Amino acid sequence: MTEKATLEAPACGLEETASESARVPPTEPSGDTAALQAPGGEQAPGGQQASEPQESAHQPPDPTASAAPAAPTATDPALPREDVPSAPLLLAVEDVSESSVTVSWEPPERLGRLGLQGYVLELRREGALDWVPVNARPMMVTQQTLRNLAVGDKFFVRVAAVSSAGAGPPAVLEQLVHIQETIEAPKIRVPRHLRQTYIRQVGESINLQIPFQGNPKPQALWTHNGHALDSQRVSVRTGDQDSILFIRSAQRSDSGCYELTVQLKGLEAKAAINILVIEKPGPPSSIRLLDVWNCNATLQWTPPQDTGNTELLGYTVQKADRKTRQWFTVIERCRPTTCTVSDLIVGNSYSFRVFSENLCGLSASAAVTKELAHIVKTDIVAKPKSFVERDFSEAPSFTQPLADHTSTPGYSTQLSCSVRASPKAKIIWMKNKMDIQGDPKYRALSEQGVCTLEIRKPSPFDSGVYTCKAINVLGEASVDCRLEVKASATH
């Protein structure tokens with residue numbers, strides 16, 4: 001059978017009477033049932049047949065059990081034993097919560113000749129004398145849930161099978177049922193922004209809200225670097241689901257590791273939050289001007305004695321000329337303690353100052369150089385290179401030769417060529433190897449190395465080989481061409 005039932009637990013007490021259990025139809029006990037007696041010479045509760053020795057051994061001692069019958073009574077002592085069922089099997093607790101308990105069992109081996117009517121579940125509270133039925137009438141279920149129980153209740157449970165002949169021997173649960181509050185192990189959930197170092201500035205407030213879980217409400221305890229908190233500076237408020245640590249005005253001494261411990265009945269969970277309280281650093285301890293050359297100046301300084309309780313991000317270098325006295329930043333977040341300032345104006349004198357910088361910003365003051373850096377104009381001495389005069393002397397050479405030409409009688413003709421020579425070459429024109437200079441029929445021109453011979457109104461007699469010769473002190477060169485003057489056709 002897999003039937004289930006849900007019942008409310010009865011209010012059990014010493015004042016309850018045997019009439020509670022008389023609601024089950026009574027049957028007459030058989031001769032065997034009347035003959036069985038409970039230990040101590042008393043009859044089993046409710047006139048039921050006594051269970052075997054090993055079953056009765058599981059029942060807690062109850063000196064007054066004969067005074068309070070808890071199961072239906074078998075009234076006929078002549079009723080055979082086979083008419084009543086045997087004890088249910090495998091009675092066990094399935095589940096226990098803060099307000100309910102579920103028990104189950106298996107049907108008995110012997111149901112009786114008259115058939116099974118159901119089961120009666122009974123309980124007896126710790127310290128009480130009477131067994132009180134949970135269900136007034138037999139129910140055909142093999143599992144029941146008792147609800148509306150209170151935390152701290154302790155009781156015994158037994159169940160008996162019932163037929164029309166009466167109730168059989170009960171099966172008693174060996175262990176005591178104890179209703180306890182469900183315990184949830186404590187757990188701390190640290191917010192993401194607190195999983196790394198939490199940085200605050202001096203004077204700011206610190207407000208840490210750390211959620212946690214646990215049932216019942218766990219106990220929360222805070223420590224600072226392994227020691228108890230200073231209640232004059234730090235306040236803690238713990239609720240059901242979180243703990244809040246508050247510092248109104250943080251100081252550098254508040255830096256360190258804050259550990260939250262949540263404890264619950266031997267179980268605990270811990271979480272550590274690192275807090276760093278910082279402020280602006282001090283200025284560099286000293287600064288001096290190492291060297292000045294051309295338009296450059298080299299500075300060197302020493303780190304500050306107070307870094308503001310955190311690492312320095314670098315140094316900021318500024319300059320100011322003596323004329324304007326205005327400060328201009330030239331280098332930001334310089335990591336080393338030395339630097340060179342370039343592009344200074346010639347003729348000016350400069351002062352320099354250096355600030356320290358951390359997460360809070362620049363230091364309130366700066367280290368300033370005592371001496372000025374004078375950028376002096378240097379004398380420029382010209383050092384001309386020795387001049388080597390190049391010799392451009394060159395023997396004559398024709399870059400463009402004469403070209404053969406055909407002319408028409410009566411029309412002036414020009415022959416041209418180009419020559420290069422240094423010094424300037426003398427030009428001589430010849431016809432058929434004969435010098436024609438001074439002949440009025442010819443006019444010779446030479447300009448920018450271009451040599452031209454003009455033949456005025458040539459005739460067939462002017463045909464021949466013309467030569468242009470160029471001569472200077474380094475040598476001579478000549479070029480030739482043929483001129484043909486065609487005679488006019490005769491009709």
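Q: What makes two strands a pair here?
A: In this predicted model, two strands pair if DSSP finds at least two bridges between them.

Q: How do you know that strand 11 and strand 13 pair?
A: Strand 11 and strand 13 (residues 206-215) share three bridges in the antiparallel sense. The cut-off is at least two bridges, so they count as a pair. Look for glutamate 184, which stands opposite asparagine 215 in strand 13.

Q: Why are strand 11 and strand 16 said to stand at the edges?
A: Start with the sheet: it's an open one of four strands, in the order 11-13-17-16, with antiparallel pairing. Strand 11 (184-188) and strand 16 (234-238) each have a single partner strand, so one side of each has no neighbour in the sheet. On average, neighbouring strands of this sheet are turned by 20° against each other, direction ignored.

Q: How do you know that strand 22 and strand 23 pair?
A: Strand 22 (residues 314-321) and strand 23 (residues 328-334) have four bridges in the antiparallel sense. With a cut-off of at least two, they therefore pair. Tyrosine 315 sits opposite cysteine 334 in strand 23. Six residues lie between the strands of this hairpin, where arginine 325 takes a positive phi near 55°.

Q: Why is phenylalanine 398 called buried?
A: Its relative accessible area is 17%. Buried means under 20%, so phenylalanine 398 qualifies. You'll find phenylalanine 398 in strand 29 (residues 394-400).

Q: Which residues is phenylalanine 398 in contact with, leaving aside its neighbours within four places in sequence?
A: Among them are Cys417, Val419, Cys468, Ala470 and Val479. As for lysine 469, it is 71 residues from phenylalanine 398 in sequence and 9.5 Å away in space, C-alpha to C-alpha.

Methods
Residues are numbered from 1 along each chain as its sequence is written. This is a predicted model: local features need pLDDT of at least 70, side-chain atom pairs count only at pLDDT 80 or more; totals for chains, interfaces and linings use all residues. Side-chain values use heavy atoms; hydrogens and water are left out. Buried means under 20% relative accessible area, exposed over 50%, partly exposed in between (1.4 Å probe, protein chains only). Contact means heavy atoms within 4.5 Å. Axes are lines fitted to C-alpha atoms, for helices over the stretch in contact, and angles run from 0 to 180 degrees between N-to-C directions.
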